Amino acid sequence: MRTLVTVLVVIMLAAVGLTLGAENGSYVRFNFLLAQGEYRLSSLMVFWFLSGFVLAWLMSAFWIVRLRMTRRSLRKQLVKEQHRRNDGESAVSGRND
């Protein structure tokens, strides 16, 4: 739910930016590595904002997946340790009887 709200807010900000940028018709020269072109400033700003947002989202998703995988492996280790400990306690209590 929080992700949906975040995406909607970003889309609304981009729409507001495009609306305000539509009034600004200034063109800027954008130099690529091998070429150059003239683009509207508002279009460039929206493109780079959305590119940064997507990149940050992908990095966060990668980080979350990595944490979930680590948590899963630690839980497996914990279960193994608990089973080993329970087996050891039952063997010790069996000897005392």
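1. Helix 1 has 22 residues, which at 1.5 Å a residue should span 32 Å; its end C-alpha atoms are 32 Å apart, so the two values agree. The expected span is taken as 1.5 Å times one less than the number of residues, and helices are DSSP runs of H or I with at least four residues, numbered from the N terminus. The model is a predicted one: local features need pLDDT of at least 70 and side-chain atom pairs count only at pLDDT 80 or more, while totals for chains, interfaces and linings use all residues. Residues are numbered from 1 along each chain as its sequence is written, and side-chain values use heavy atoms, with hydrogens and water left out.

2. Val10, Ala14 and Gly21 are the residues to look at for the buried side of helix 1; buried means under 20% relative accessible area, exposed over 50%, and partly exposed in between (1.4 Å probe, protein chains only). Viewed down the helix axis, the buried residues of helix 1 fall within an arc of 40°, so they line one face. The arc is that of the directions from the helix axis to the C-beta atoms. On the face turned away from the buried side sit the exposed residues Met12, Thr19, Leu20 and Glu23.

3. Threonine 6 belongs to helix 1 (residues 2–23). With 38% relative accessibility, threonine 6 counts as partly exposed. From threonine 6 to arginine 72 the separation is 66 residues in sequence and 27 Å in space, C-alpha to C-alpha.

4. A nonpolar surface patch has about 930 Å² of accessible area together, and its members include Met1, Leu4, Val7, Phe49 and Leu50. Patch residues have over 30% relative accessible area and no salt bridge, with nonpolar side chains (Val, Leu, Ile, Met, Phe, Trp, Tyr) joined within 5 Å; a salt bridge is a side-chain nitrogen of Lys or Arg within 4 Å of a carboxyl oxygen of Asp or Glu. Helix 1 gives the most to this patch, seven residues, and helix 2 (41–96) also supplies at least two. Valine 7, in helix 1, is partly exposed at 33% relative accessibility.

5. Four aromatic pairs are found in the whole structure. Phenylalanine 32 and tyrosine 39 make an edge-to-face pair, 6.0 Å centre to centre with 90° between the planes. Rings of Phe, Tyr and Trp (its six-membered ring) pair if their centres lie within 6.5 Å; planes under 30 degrees apart count as stacked, over 60 as edge-to-face and the rest as tilted. Phenylalanine 47 and tryptophan 48 have ring centres 4.9 Å apart and planes at 75°, so this pair is edge-to-face. Phe30, Phe32, Tyr39, Phe47 and Trp48 form one aromatic cluster.

Definitions and conventions:
Patch = residues over 30% accessible without salt bridge, like charges linked within 9 Å, V, L, I, M, F, W, Y side chains within 5 Å. Areas by Shrake-Rupley, 256 points an atom, 1.4 Å probe, with all protein chains shown as cover.
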